[in-house]
Amino acid sequence: MFQDTVRDLLASALTMEHLRSGTPAELWGQLAETGVFALLTREEDGGLGLGYTDLALIFEEFGRALVPAPIAAAIVAGGAIARFGTPEQRAQLLPGHGEGALRLSSAFAETVATVPAAMTLTARPTDAGWTVTGSKILVPDAAAADKLLVALRFGDDLGLALVEPSRAGVTLREQDTLDLTARYHEVIFDHVTLTAGDIVGGRPDPAAVVACFDAAAAVAALQMTGMAARTLDEAVTYVGQRKQFDRVIGSFQAIKHRCADMAVAVDACRSAAYYAAWALDEAAPDERARAVSMAKSWCGDNARFTCNQAIQLHGGIGFTWELGLHLFLRRIKCEEASFGDADWHRERVIGATLRSMELAG
């Protein structure tokens with residue numbers, strides 16, 4: 001029922017015309033009214049106390065409707081605060097986040113890294129706390145955020161810090177990307193001061209960074225599943241209407257085979273992505289990492305395959321601005337590259353498998 005509610009809302013609030021001309025400003029508030037921002041917040045903190053397993057249905061709908069990336073980034077950031085934040089941080093931030101009044105965004109990617117182990121942005125200790133100089137790239141709509149959840153190093157340890165885009169020393173530069181449905185910014189830190197109160201949980205916690213990274217990667221897989229499902233539906237509808245030689249082209253065996261391959265790819269994406277969502281809530285860290293990486297690599301490859309097939313099945317109009325399938329392909333390409341590409345995630349699965357074999361042997 002929740003999934004149907006969100007789908008109906010997005011069908012009317014985020015049409016293809018909106019995607020081409022700009023996301024309606026009221027969408028954030030409309031989604032907040034459904035409760036999606038409060039799902040990961042515990043009941044004692046004023047939320048619904050659910051998990052990513054429940055959100056899987058919603059994130060797939062986000063992909064189907066091409067909901068702009070800042071909304072998913074805000075939900076993931078809120079989930080990290082709900083799980084790892086201090087009582088003061090949860091009390092200060094989560095009520096406003098759940099109501100849609102406080103906007104969060106996450107800053108992970110760097111020019112040389114999209115995965116935690118390769119991050120180089122470092123907080124240097126000072127008498128007052130720490131100071132940060134460097135940058136993050138491709139931060140979803142950082143200009144509209146009230147707080148940025150920034151992954152960075154504190155010496156040898158990774159940690160998450162909350163920084164306002166308006167803080168002294170922080171500057172933003174809008175970036176051009178393939179994704180035309182949202183704004184992205186480079187966030188530049190020039191001797192920005194951090195205190196212990198800015199660090200999620202009060203101290204650096206590498207496990208929090210990896211858990212947040214895995215959550216964002218799984219959310220990307222779920223959204224790519226939704227995009228693949230939407231483009232499959234668009235293709236099946238079109239081949240059931242388009243006629244050639246006085247027959248609908250969907251009756252031709254070659255077209256049927258393509259649609260069948262697309263349907264198999266989408267179903268497999270859904271299985272992998274939903275298992276990853278379950279693993280975020282229930283599995284041990286090693287199994288969570290394996291499930292997330294399998295989903296991220298598989299869903300990226302197959303969402304791109306499905307979207308490419310949908311464009312080809314539409315023939316000459318498949319590439320046109322008016323049809324809008326290119327918006328899905330653009331977004332899929334961005335999601336593929338974010339939070340570790342397919343090659344990195346496959347290597348992660350192989351590494352985890354080899355380690356488990358060594359322990360078993």
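Author: Let's start with the overall setting. With 361 residues, a compact globule would have a radius of gyration near 21 Å, and the chain agrees because its own value is 21 Å (taken over C-alpha atoms, the globule rule being 2.2 Å times the number of residues to the power 0.38). Bear in mind that this is a predicted model, where local features need pLDDT of at least 70, side-chain atom pairs count only at pLDDT 80 or more, and totals for chains, interfaces and linings use all residues. Residues are numbered from 1 along each chain as its sequence is written, and side-chain values use heavy atoms, with hydrogens and water left out.

The chain has 11 helices and 9 strands (DSSP runs numbered from the N terminus: H or I of at least four residues for helices, E of at least two for strands). Buried residues account for 55% of the 361, where buried means under 20% relative accessible area, exposed over 50%, and partly exposed in between, with a 1.4 Å probe and protein chains only.

Now the charges. There are 32 positive and 45 negative side chains (Lys and Arg against Asp and Glu, with His and the chain ends not counted). The salt bridges number 24, each one a side-chain nitrogen of Lys or Arg within 4 Å of a carboxyl oxygen of Asp or Glu.

Take E61 and R7, whose side chains meet with N to O at 2.8 Å. This pair ties together distant parts of the chain, 54 residues apart: E61 sits in helix α4 (residues 52-65) and R7 in helix α1 (residues 2-13). E61 is buried, at a relative accessible area of 2%, while R7 is partly exposed at 35%.

R42 and D45 make another salt bridge, with their closest N and O atoms 3.7 Å apart.

What network do they belong to? Salt bridges with shared partners join D343 and R346 to D301, R304 and E336 in one network.

How values were computed. The place of a charge is taken as NZ of Lys, CZ of Arg, CG of Asp or CD of Glu.
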